[in-house]
There are 2 protein chains.
Amino acid sequence: MRNKEKTYNEIVQTAYVMFSEKGFDQTSLSSIASEIGISKPAIYYYFKSKDELIKYLFDKIVQEIQSLTSVELETITTTNFKQNLYQLGEAAISHQEKDVHFNHLFNQYMLLASRDTYYSERLLKIQQDFLNTFYDLLTYAVKINAIKDENILIKSQLLALVFDNITNFILTDMKLDYKKIWIEAVDSVLSGVEHHEQ
Amino acid sequence: MRNKEKTYNEIVQTAYVMFSEKGFDQTSLSSIASEIGISKPAIYYYFKSKDELIKYLFDKIVQEIQSLTSVELETITTTNFKQNLYQLGEAAISHQEKDVHFNHLFNQYMLLASRDTYYSERLLKIQQDFLNTFYDLLTYAVKINAIKDENILIKSQLLALVFDNITNFILTDMKLDYKKIWIEAVDSVLSGVEHHEQ
DNA sequence: GTCTATATGCGGATAGAC
DNA sequence: GTCTATCCGCATATAGAC
C-alpha cells in the first residue's frame, strides 16, 4: 500500500522530468523504468499505455496553469490594481525559474495539439481562459474606476501575449530583465487609460 | 539530370510539410518516400541520414527568418518610422498566414535546441539578432530624432516579445485581431517617447 | 506489485542488382 | 538514380511466474 503509492509517484515525477528534457518520442518507458530502478512492465500496472501516461501529465499541467493564472478580483482596489498586475508577472517568472520543465512540457503538448484533437480542444479552452483572465481584470479595473474604458479588449490581449512569451523566452537562455519588461508592458499599456488625480 | 533535381525538391518539400504536421519522430523516411511515390533508399541518395535532412531544413528556415526580420535603416525617416514598425508586423502576420508550416517547424527546432547544442547555439544567435533588429530600429529612431532616448532597450525587447508571440498565437487557432494588437503595442510603447510637434 | 521472457512491429540504414 | 531485399536495434505491449 505504502510502496504502491510511492512507485506511482516516482513514475509520474520521472516521466514529467524526462519527457520535458528528451521529448515524448525520445523517452522510452524502459528508460523511465530504469531511471527509477524498476522494470518496464511495472509501469503498465499503473498506466495501461504510454499515451495514457502522457495524457495524465497533461491533466496535471492543465490544473497547474489554471491555478497560476487565476486572480481574485474581489481583492483588487483602485490603489493596488497596478501592483496586482506587476505581481502576476513576477509570480509567473518565479514559477518558471523554479520549474524549468513546466514550459518545455507544455510546448510539447502545444505541438501535439496540432495533430490530436484531444489536446487541441483542451488547449484552446485554456488559452481562452488565459485571455479572459486579463480581460476580466481590466474590465474590473474599469468598473472600480481605476482606468478608463478605452480599447480594453485589445489591451488585455496585448498584455496576455507579453506575459505568455516572457515565460517562453526564459527557456531560451536569453538573459533579459524580464521583470523590467513586464513592468514596462503594464506601464505602457495603461499609460493612456490611467486616471490621474491632481 | 532534370529528374534528379525534381526528386530532390520533392523530398525537401514533402519533408518540410510532413515534419511540421507530424513531428520529426512521427515522420518516418518511409512515409515521406511513399508520399512522393519513391522508395526509402532513394532518399539516402540525396541525404546521408535523417538527421542530415532535418538539419538541412533547419538551415533553410534560418535563412528565411533572417530575411524576414531584416530592416533597411537607411530608408527610415522621422515621418515614416512608425509606419515602418506597423508594416514589419503586418508582413510577419501575412507570412504566417501564407505558410502555416513555418512556425510549427520552427517550434520543433526550439525543442530540439534544449537537447542538442547544434541547434541551441544557432537559435540563440538568431534570437539575439531578432532582438537587435528592434533595438537598432529604436536606436536609429532616437538618432534621427523621431523618439526620445528613454528606456529604449527594454522597449525594444518588449516589442520583440509581442511580435514573436503574435506569430505563435496565430498557430493556436485563436481568432484575434492580431494587426490591431500589434498597432496597440507600437502605440503604447512609443506613446511616452514620441516627440509631439505643436 | 514486480519480475523475466517474449511477441510483434517499425524505425534507420546498407548491400547490391538494374 | 532508383529499386528489392535485408540487417539490426529498439519501441510498445503482453504472458505468466513469483
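Predicted model: local features only at pLDDT ≥ 70, side-chain atom pairs only at ≥ 80, totals over all residues.
Chain A has nine helices and zero strands.

**Chain A as a whole**

- From the N terminus on, the elements of chain A run α-α-α-α-α-α-α-α-α.
- The C-alpha trace of chain A spans about 70 × 35 × 30 Å along its principal axes.
- Chain A has 198 residues, and 48% of them count as buried.
- Among the contacts in chain A with a separation of 6 or more, 72% are between residues 24 or more positions apart.

**How the two copies are related**

**One buried residue: His104(A)**

- Helix 6 of chain A covers residues 100-113, and His104(A) lies in it.
- His104(A) has a relative accessible area of 16%; residues under 20% count as buried, so His104(A) is buried.
- Apart from its neighbours within four places in sequence, His104(A) is in contact with Ser20(A) and Leu171(A) in its own chain, and with Leu111(B) and Ser114(B) in chain B.

**Regions listed in the UniProt record**

- The unreviewed UniProt entry lists "domain: HTH tetR-type" for residues 5-65 of chain A.
- In the model, residues 5-65 of chain A are 80% helix and 0% strand, with the end C-alpha atoms 25 Å apart.
- The unreviewed UniProt entry also places the feature "DNA-binding region" at residues 28-47 of chain A.
- Residues 28-47 of chain A are 75% helix and 0% strand, and their end C-alpha atoms are 14 Å apart.

**One exposed residue: Gly37(A)**

- Gly37(A) lies in the loop between helix 2 (29-36) and helix 3 of chain A.
- The relative accessibility of Gly37(A) is 61%; residues over 50% count as exposed, so Gly37(A) is exposed.
- In sequence, Gly37(A) and Thr7(A) are 30 residues apart; in space, their C-alpha atoms are 10.0 Å apart.

**The surface near DNA strand C**

- Sugar or phosphate makes up 57% of the atoms of DNA strand C within 4 Å of the protein, and the rest belong to bases.
- An N or O atom in the side chain of Tyr46(A) is 2.6 Å from a phosphate oxygen of DNA strand C.
- For Lys50(B), an N or O atom in the side chain is 2.7 Å from a phosphate oxygen of DNA strand C.
- A polar side-chain atom of Lys40(B) lies 2.7 Å from a base nitrogen of DNA strand C.
- Two or more residues of this surface come from each of helix 1 (2-22) and helix 3 of chain A, and helix 3 of chain B.
- Helix 3 of chain A gives the most to the surface near DNA strand C, with four residues.
- By class, the surface near DNA strand C has eight nonpolar, six polar and three charged residues.

**The surface near DNA strand D**

- Of the atoms of DNA strand D that come within 4 Å of the protein, 57% belong to sugar and phosphate.
- A polar side-chain atom of Tyr44(A) lies 3.0 Å from a phosphate oxygen of DNA strand D.
- Leu29(A) has a backbone N or O atom 3.1 Å from a phosphate oxygen of DNA strand D.
- Lys40(A) has a polar side-chain atom 3.4 Å from a base oxygen of DNA strand D.
- At least two residues of this surface come from each of helix 3 (40-46) of chain A, and helix 1 (2-22) and helix 3 (40-46) of chain B.
- The largest share of the surface near DNA strand D is the four residues from helix 3 of chain B.
- The surface near DNA strand D divides into eight nonpolar, five polar and three charged residues.

Key: Residues numbered from 1 in each chain as written. Chains lettered and ligands numbered in written order. Heavy atoms only, no water. Near = heavy atom within 4 Å. Polar contact = N/O pair within 3.5 Å; in protein donor to acceptor, adjacent residues only side chain to side chain. Nonpolar A, V, L, I, M, F, W, Y, C, P; charged D, E, K, R; others polar. UniProt positions renumbered as here; feature names shortened; annotations may be inferred. Buried < 20%, exposed > 50% of the residue type's maximum accessible area, 1.4 Å probe, protein only. Contact = heavy atoms within 4.5 Å.
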